[in-house]
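Please examine the sequence and the structure shown below. The paragraphs that follow lead through its helices and some of their residues.

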Amino acid sequence: MTEPVELRALAWRCRRGMRELDVLLSGWLRSEYPGANRDEKAAFERLLELQDPEIFGLLTGRLASADPSIEAIVCLLRRTAQQ
């Protein structure tokens with residue numbers, strides 16, 4: 001189970017310079033992160049280490065990551081955004 005302190009820290013990291021990223025990342029954190037498996041959580045945390053333009057590029061399909069786990073979490077984020 002994810003500790004509240006960890007979730008608060010991740011929520012802070014989801015706050016980005018682009019409103020679109022704030023909404024998408026924070027929404028996924030609230031709705032999907034608690035039920036995600038360990039690999040998905042780790043990939044999401046690595047995604048948050050990237051710069052805003054790179055995250056935006058990945059989420060819009062303009063960029064691709066060489067890291068398969070990042071690509072997988074991006075697909076999950078896109079799928080969640082479409083719901």
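Two residues or elements are in contact when heavy atoms of each lie within 4.5 Å. Helices (H or I, at least four residues) and strands (E, at least two) are DSSP runs, numbered from the N terminus. The model is predicted, with local features requiring pLDDT of at least 70 and side-chain atom pairs counting only at pLDDT 80 or more, while totals for chains, interfaces and linings use all residues. Residues are numbered from 1 along each chain as its sequence is written, and side-chain values use heavy atoms, with hydrogens and water left out.

A residue is called buried under 20% relative accessible area, exposed over 50% and partly exposed in between (1.4 Å probe, protein chains only). In α4, the buried residues are Asp52, Ile55, Gly57, Leu58 and Leu59. Their cover includes α2, α3 (38-47) and α5. Isoleucine 55 belongs to helix α4 and counts as buried because its relative accessibility is 0%. Apart from its neighbours within four places in sequence, isoleucine 55 is in contact with Arg16, Leu21, Leu47, Leu48 and Leu50. Its C-alpha atom is separated by 12 Å from that of alanine 43, which is 12 residues away along the chain. Just after α4, glycine 61 adopts a positive phi of about 85 degrees.

How do α4 and α5 pack together? Helix α4 (residues 52-60) and helix α5 (residues 68-82) form an angle of about 70 degrees, and their axes are 9 Å apart. Here axes are lines fitted to C-alpha atoms, for helices over the stretch in contact, and angles run from 0 to 180 degrees between N-to-C directions. Angles under 35 degrees count as roughly parallel, over 145 as roughly antiparallel, 65 to 115 as roughly perpendicular and the rest as oblique. The two helices α4 and α5 are therefore roughly perpendicular to each other. On the α4 side, Leu58, Leu59 and Thr60 meet Ile70, Glu71, Val74, Leu77 and Arg78 of α5. This contact of α4 with α5 comprises 5 nonpolar, 1 polar and 2 charged residues. In this division, Ala, Val, Leu, Ile, Met, Phe, Trp, Tyr, Cys and Pro count as nonpolar, Asp, Glu, Lys and Arg as charged, and the others, Gly among them, as polar.

Helix α1 (residues 4-14) packs with helix α2 (residues 19-31) at an angle of about 160 degrees, with 9 Å between their axes. This angle makes α1 roughly antiparallel to α2. Leu7, Leu10, Ala11 and Cys14 of α1 meet Leu21, Asp22, Leu25, Ser26 and Leu29 of α2. By class, the contact of α1 with α2 contains 7 nonpolar, 1 polar and 1 charged residue. Leucine 10, a residue of helix α1, is buried, as its relative accessible area is 3%. Between the C-alpha atoms of leucine 10 and leucine 25, which are 15 residues apart in sequence, the distance is 9.7 Å.

The cysteines complete the account. The structure contains 0 disulfides, a disulfide being a pair of cysteine sulfur atoms within 2.5 Å. Cysteine 14 is buried at 0% relative accessibility, whereas cysteine 75 is partly exposed at 34%.
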